[in-house]
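Here are my notes on this one, in the order I'd go through them with the model open. Have a look at the structure before reading on.

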Amino acid sequence: MVGGNASSVTDFILVGLFPEFQHSIVLNFVVIFIYILAFLGNLLLIVLIWGDSRLHTPMYILLSQLSLTDLTLTSTIVPKTASNFFTGKRTISWIGCGTQSFFYLMLGMSECLILTLMAYDRYVAVCIPLRYLTIMSPRFCLHMVAGCWIGGSISSFIHTVYPMHFPICGSREIHHFFCEVPVLIKLSCEDTSVYQLVVVVTSIVLLVVPFSLIIASYTLIFLTVLRMNSVKGRKKALATCSSHLTVVSLFFGPNIFIYMTFTSSHSPEQDQALSLFSNILTPMLNPLIYSLRNKEVVAALMKLMGRCGVS
């Protein structure tokens with residue numbers, strides 16, 4: 001009993017997904033269904049890219065990494081949320097909370113960097129196509145991808161370990177469906193204003209700066225596209241860029257609001273709604289956005305289906 005009580009003192013309580021919602025069981029089933037679609041969609045996209053040699057290009061390699069982050073991100077959040085709801089056990093251990101927070105931040109930061117690199121890839125392809133193969137070499141792509149994962153891991157480790165050691169004097173109830181740093185900070189009885197300022201500065205570096213670089217890249221891309229004589233080339237460039245811009249908007253919009261307004265008083269319901277949209281719904285939409293308007297991906301899918309039919 002002593003051991004059990006000692007361990008329970010450090011546990012957190014996750015209130016779950018919109019606990020006041022009357023039809024919570026329907027909502028949780030919908031979330032699980034979306035998660036399954038997101039998992040299968042991103043997994044299929046990864047298989048298509050790595051299984052078709054025609055898609056072994058920098059753009060699709062980066063896209064496969066984006067799918068990998070989305071697949072892992074949803075798997076970090078949804079299974080635990082669903083398990084807590086259907087078992088009625090809402091607790092999560094201190095280590096479990098820290099682990100979930102670490103992977104969530106690492107994957108989110110890595111995705112931010114990958115989206116920025118995808119914009120740079122499109123800039124090189126459209127604006128300086130003759131140097132594309134030289135600049136976007138396989139070695140450079142490998143270094144870029146490794147840099148995204150390493151950078152995300154280091155930053156996530158710092159922003160997980162430090163806030164997890166803030167003292168919590170009162171309730172350990174987290175008004176969220178997973179462990180997220182802005183929500184954890186609200187539980188502390190210590191003055192966290194300095195750390196909140198650090199988070200805002202970090203958000204500027206990891207969100208605003210990449211977003212600004214993406215906007216700058218696409219400004220140059222659109223100026224170049226407008227000067228194109230080929231209507232077919234113009235349409236192809238705009239189709240590829242519009243897909244990426246849609247994904248960028250879905251990712252950066254909610255996250256900038258959550259982390260750049262860290263000290264604001266937005267409600268737990270707003271936090272949950274934005275997290276639900278950004279971390280569960282968007283990963284399901286990304287494969288659809290990239291595949292439906294991409295002839296190469298559709299062709300790879302038809303090829304795979306043809307193989308399955310022959311088998």
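1. Start with the record: an unreviewed UniProt entry puts "transmembrane region" at residues 25-48, 140-162, 194-225, 237-262 and 274-292. Positions are in the numbering used here, feature names are shortened, and such annotations may be inferred rather than shown by experiment.

2. Before going further, a caveat: this is a predicted model, where local features need pLDDT of at least 70 and side-chain atom pairs count only at pLDDT 80 or more, while totals for chains, interfaces and linings use all residues. Residues are numbered from 1 along each chain as its sequence is written, and side-chain values use heavy atoms, with hydrogens and water left out.

3. Two of the annotated spans can be checked against the model. Residues 25-48 are 100% helix and 0% strand, with end C-alpha atoms 35 Å apart. Residues 194-225 are likewise 100% helix and 0% strand, and their end C-alpha atoms lie 45 Å apart. Helices here are DSSP runs (H or I, at least four residues), as are strands (E, at least two), numbered from the N terminus.

4. Now the packing of H6 (residues 138-164) and H8 (residues 193-226): their axes come within 12 Å and cross at roughly 165°. Axes are lines fitted to C-alpha atoms, for helices over the stretch in contact, and angles run from 0 to 180 degrees between N-to-C directions. H6 and H8 are therefore roughly antiparallel (the term covers angles over 145 degrees). The H6 side of the contact (heavy atoms within 4.5 Å) is Ser155, His159, Tyr162 and Pro163, and H8 brings Tyr195, Val198, Val199, Thr202 and Leu206. Those residues divide into six nonpolar, three polar and no charged.

5. H6 also packs on H4 (residues 94-127), where the axes come within 8 Å and cross at roughly 145°. The contact of H4 with H6 has 17 nonpolar residues, nine polar and no charged.

6. Leaving aside neighbours within four places in sequence, methionine 118 is in contact with Leu62, Leu63, Leu66, His244 and Tyr290.

7. Last, histidine 176, in the loop between strand E3 (173-174) and helix H7 (181-185). Histidine 176 is buried, with a relative accessible area of 0%. Not counting residues up to four places away in sequence, histidine 176 touches Leu14, Val15, Gly16, Val183, Asp271, Gln272 and Ser275.

Notes:
Parallel < 35°, antiparallel > 145°, perpendicular 65-115°, else oblique. Nonpolar A, V, L, I, M, F, W, Y, C, P; charged D, E, K, R; others polar. Buried < 20%, exposed > 50% of the residue type's maximum accessible area, 1.4 Å probe, protein only.
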